[in-house]
Amino acid sequence: MIFATVTACGAAADPAPAAIEKVPVATSTPDPIAVGANELGLVPILMYHQVTSTPVGEYDQTPEKFRAELERLYRENYRPVTVANYIRGHIDIPAGTHPVVLTFDDSTSTQLRFIGDATVAPDTAIGILEEFGARNPDFRPTATFYVNNEPFAGDARALPWLAAHGYEIGAHTASHADLGRLDSTGVQRELVENLRAIAIAAPGDRVRTMALPLGIFPSDRALVTAGSWDGTNYAFEAVLLVGAEPAPSPFGQVDPAGVPRIRSGKTEVDFASAYWLDRLDQHPDQRYTSDGNPNRISAPKRLADELNPRWRGEFNPY
């Protein structure tokens, strides 16, 4: 049996948590009113592809622009979390800060490459993130990488390094397939083969989320959430779309089977990251602001109708 969200046929994958996983907190946390807490607000999930000095696609980003975007996120009090922690409601960030999710598709060497035995190349996405986190210790470098088979130019060190350093590894199909062109067997085969390859490369790392290649669903949309092939079941807690808009709060009306992302790349692309970050900066009441206590959900009373009833026990309206 593979230890991931892949299980032997007939076994059940891990269910989503029924409540917030309790974690130790300081004896006193700020008054939610004082920090303007709104844990029913919007969360930007940014989508990157290549980080290269010679961008080609509209989703590519230069190292300089990627650094500038990190600087902006830090300046505007965003703090990174993974997709898995977002969808499970495990958002443990300081009071008054906002979660941001950094996602990278296609597992290219511009995202992670090594120099020598184990040194991360400084001009890669990981190199830039790690250096930024070292300069700003309250900005923990973490992200979610949606990988295909033979990721990061086939470097066997890559997935174990990501898992060991607190990054999330997500599924992106074995061959970056257009799932809309495959029959149901082909869709399930692509996902199971991808998860098996990840499990072999990074044993013990649990794959909880997936991103749709090209943003395309198969004809049977349910197969990207759960399915079975060759004696192996799989189930994902979240399925991510291609760039569109900020995501709802994990405690609100989010659809785990279609979580929106924001594209980050060429500045001339409509509704890219700069557009949405500007909009959230201009309307701070609309974005997710942490109360500093990961064991409760604080938001203004007027937003109570937006709360998913599943989280009612942790709701702290004010």
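**Figure 1. The salt bridge between arginine 196 and aspartate 230.** In this predicted model, arginine 196 forms a salt bridge with aspartate 230, and the closest N and O atoms of the two residues are 3.0 Å apart. Because arginine 196 lies in helix α7 and aspartate 230 in the loop between β10 (226-229) and β11, the pair ties together parts that are 34 residues apart in sequence. Aspartate 230 is exposed, with a relative accessible area of 52%.

**Figure 2. Glutamate 237 and its arginine partners.** The side chain of glutamate 237 meets that of arginine 208 in a salt bridge, with an N to O distance of 2.9 Å. This pair links distant parts of the chain, since arginine 208 is in the loop between α7 and β9 (209-211), whereas glutamate 237 is in the loop between β11 and β12, 29 residues apart. A salt bridge is also found between the side chains of glutamate 237 and arginine 88, here at 2.8 Å from N to O. Arginine 88 belongs to helix α3 (residues 83-88), and this second pair likewise links distant parts of the chain, 149 residues apart. Both arginine 208 and glutamate 237 are buried; the relative accessible area of glutamate 237 is 11%, and arginine 88, at 11% relative accessibility, also counts as buried.

**Figure 3. A salt-bridge network.** Glu71, Glu131 and Arg135 are linked in a network of salt bridges, and a search of the whole structure finds 14 salt bridges.

**Figure 4. Helix α7 and its buried residues.** Helix α7 (residues 184-201) has 18 residues, which at 1.5 Å a residue should span 26 Å, and the separation of its end C-alpha atoms, 26 Å, agrees with this expectation. The buried residues of α7 include Val187, Leu191, Val192, Leu195, Ile198 and Ala199, and among them are also the polar residues Gln188, Glu190 and Asn194.

**Figure 5. The parallel strands β7 and β8.** Strand β7 (residues 144-147) and β8 run parallel and are joined by four bridges, and within this pairing phenylalanine 145 has isoleucine 169 of β8 as its bridge partner. From strand β8 (residues 168-171), Glu168 and Gly170 point one way while Ile169 and Ala171 point the other way, and all are buried.

**Figure 6. The surroundings of alanine 121.** Alanine 121 lies in the loop between β6 (119-120) and α4 (125-135) and is buried, with a relative accessible area of 0%. Apart from residues up to four places away in sequence, alanine 121 touches Arg113, Phe114, Ile115 and Gly127. Histidine 176, in turn, is 55 residues from alanine 121 in sequence and 25 Å from it in space, C-alpha to C-alpha.

Terms used. Residues are numbered from 1 along each chain as its sequence is written. This is a predicted model: local features need pLDDT of at least 70, side-chain atom pairs count only at pLDDT 80 or more; totals for chains, interfaces and linings use all residues. Side-chain values use heavy atoms; hydrogens and water are left out. Helices (H or I, at least four residues) and strands (E, at least two) are DSSP runs, numbered from the N terminus. Buried means under 20% relative accessible area, exposed over 50%, partly exposed in between (1.4 Å probe, protein chains only). Contact means heavy atoms within 4.5 Å. Two strands pair if DSSP finds at least two bridges between them. The expected span of a helix is 1.5 Å times one less than its number of residues. A salt bridge is a side-chain nitrogen of Lys or Arg within 4 Å of a carboxyl oxygen of Asp or Glu.
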